[in-house]
Amino acid sequence: MMITGQQLINGQWVQGEAGQYQAVNPATAAFIEPVMSYASKAQVHQAVAAAAEAAPLYAATSLEQRAEFLELCADEIMALGDVLPERVALETGYPKARGEGERARTVNQLRLFASSIRSGEYLNIRIDTALPDRQPLPRPDLRYTNQPIGPVVVFGASNFPLAFSVAGGDTAAALAAGCPVIVKGHNSHPGTCELVAQALHKAVQKAGLPAGVFSLIMGSGREVGSELVVAPEVKAVGFTGSLAGGMALFQLANNRPEPIPVFAEMGSVNPVVLLPEALEQNAETIATGFVGSLTLGVGQFCVNPGVAVAIHSPALDRFCAAASAALAKVPAGVMLNEGIAAAYQKGTAHLSEQAGVELVGSGEAVGDKAGFCTQAKLFKVTAEAFLANPHLQEEVFGHVSVLVSCVDEAQLLAVVRTLKGQLTGTLQATAAELATQAELISVLRQKVGRLVVNNFPTGVEVCDAMMHGGPFPAATDARFTSVGTASIARFVRPICFQNYPAELLPPELQNANPWALPRLVNGVKTSAAVEA
Ligand code: NAP
């Protein structure tokens, strides 16, 4: 498999017209071959025009055709072989095993979407047959289904070079929904992007789909990323990354003559609330689990636990001692790129300078390690200082967390009340505490997309029941998940056919129910045909 540094536009591999660059190995800070290219705005418009042309043809494919295409995408990614996890390791600093694990997650995600759309559940089909004799007014025949929203732009995330990048969750959901996808690849891992795009290109060809169903554009976010979002043919955007980036794109999309949804997942500090009885019983085990979650993948997860909240006690001192001991064994970690490492250094330095903040423990020092290496840290602050300083709630991306020490239960509740919207909230609690903390749980429920009990937030399962999103600023739309099969809902829109000729209805709405899908017919869930 050759990496050429080209863009995939309308089924053609072409040299980008807006300059050249090279990826950097974050473990060594050395450039990686080959030279890559940046797309021009004119090339963005070629990709968008191709997607718009492909959209009606792709929307007209059957669920089975699309499911087979997603499975082909998975097969072609696997067929890339070892070159893929090796390139991931080179471009991200992640161990090869992480690349292999993420590849498995990515192909399983594609296959899960395939089986999910075969079930037709996401179409949410509703049929209310005509009641011509109803008094005082007859009811017309009404049939509701979901249809693809149109071309979708996906911004690949830096921290998931496979599972949230070119063929990641957003792409899988949009393709499953029947939407052509244009990926704006992340410049941190351009070779990885190209390899995966080669696999998807093959899958498009093998499935006999129009070339515009999938394109890959590389380039600067402010240039090609913005151009993609304002292109009139684009109908929705999926994004994972920083608050600043997500909000810039959200505002661009809202200022278009035709505003479109931007589903931006922008991360959070994922509070972990440590209740007293649980700490008393298990301070050391909780501390070890917490540090494991905090330092996994050098803390480069959107669900990384960036804040812990607890009531001051001897048990909390035991937690701090155990966390500090566990942290001391954590090696300095290579971060994804120079910018992310620099933001981490700046963010941790800023945290340490805030009034009332003290260091509880650190990982192994960076020493003379090459590349973009950083040291894990755990800080502590009084609740009083935390409540007085909104900066302490800001996400510092990486393996750092702030423990907020409260004087009593009321102050702990006050801290939780001030938290902004979050992807996750975690409770370490005994059964008795869970049963008696109704107010705390109700406040936390208002803040988060996923409420975790006696686990840690890292490890986002890709499944039907996952919710990965949350109230702003965790995401731009708290009603949707960006992980799991429910995420397909972002890329469809409902349409109702009224009094429509039976023989012209889409298959899922026809009386005979040729795809044998579950449907709500006159208020009853059934897969049976509708009697004409
Ligand atoms: P990012 O800076 O938000 O970039 C993500 C993507 O959006 C990139 O393709 C970027 O293009 C583009 N972009 C950024 N700002 C843009 C703008 N104003 N207009 C148009 N496009 C724009 O995220 P990142 O590079 O992954 O990491 C930087 C920071 O993001 C981290 O330090 C961390 O704070 C946060 N982050 C959060 C998560 C999460 O899961 N929530 C994940 C990763 C990172 P360019 O590369 O050309 O700028």
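Q: Where does the ligand sit in terms of pockets?
A: The space taken by the ligand is the largest pocket. This is a predicted model.

Q: Why does the ligand lie between domain 1 and domain 2?
A: Both domains give residues to the shell around the ligand, so the ligand lies between them. Domain 1 is made of the segments 8–21 + 29–119 + 151–266 + 481–490, and domain 2 spans 272–453.

Q: How many residues are around the ligand, and which come nearest?
A: There are 24 residues around the ligand. Those that come nearest are S158, H186, G221, S242 and C302.

Q: And by class, what does the shell have?
A: The shell has 13 polar, eight nonpolar and three charged residues.

Q: What about K184?
A: A polar side-chain atom of K184 lies 2.9 Å from an oxygen atom of the ligand.

Q: How much of the ligand's accessible area does the protein cover?
A: On its own, the ligand has 850 Å² of accessible area, and the protein covers 85% of that.

Q: Changing topic to the backbone: is the peptide bond from E33 to P34 cis or trans?
A: The bond from E33 to P34 is cis, with omega near -5°. P34 is located in the loop between β5 (30–31) and β6 (36–37).

Q: And the one from Q135 to P136, cis or trans?
A: That peptide bond is cis as well, and its omega is near 5°. P136 belongs to the loop between β7 (126–128) and β8 (142–148).

Q: What is the phi of N10?
A: N10 has a positive phi of about 50°, although N10 is not a glycine.

Q: Where is N10 placed?
A: N10 lies in the loop that runs between β1 (7–9) and β2 (12–14).

Definitions and conventions:
Residues numbered from 1 in each chain as written. Predicted model: local features only at pLDDT ≥ 70, side-chain atom pairs only at ≥ 80, totals over all residues. Heavy atoms only, no water. Near = heavy atom within 4 Å. Polar contact = N/O pair within 3.5 Å; in protein donor to acceptor, adjacent residues only side chain to side chain. Areas by Shrake-Rupley, 256 points an atom, 1.4 Å probe, with all protein chains shown as cover. 1 Å grid on protein atoms, 1.4 Å probe; cavity = no way out; pocket = protein on both sides within 12 Å on 5 of 7 lines; lining within 4 Å. Sits in = over half its atoms within 2 Å of the grid points. Nonpolar A, V, L, I, M, F, W, Y, C, P; charged D, E, K, R; others polar. Domains from an automatic or database assignment. Helix = DSSP H or I, 4+ residues; strand = E, 2+ residues; numbered from the N terminus.
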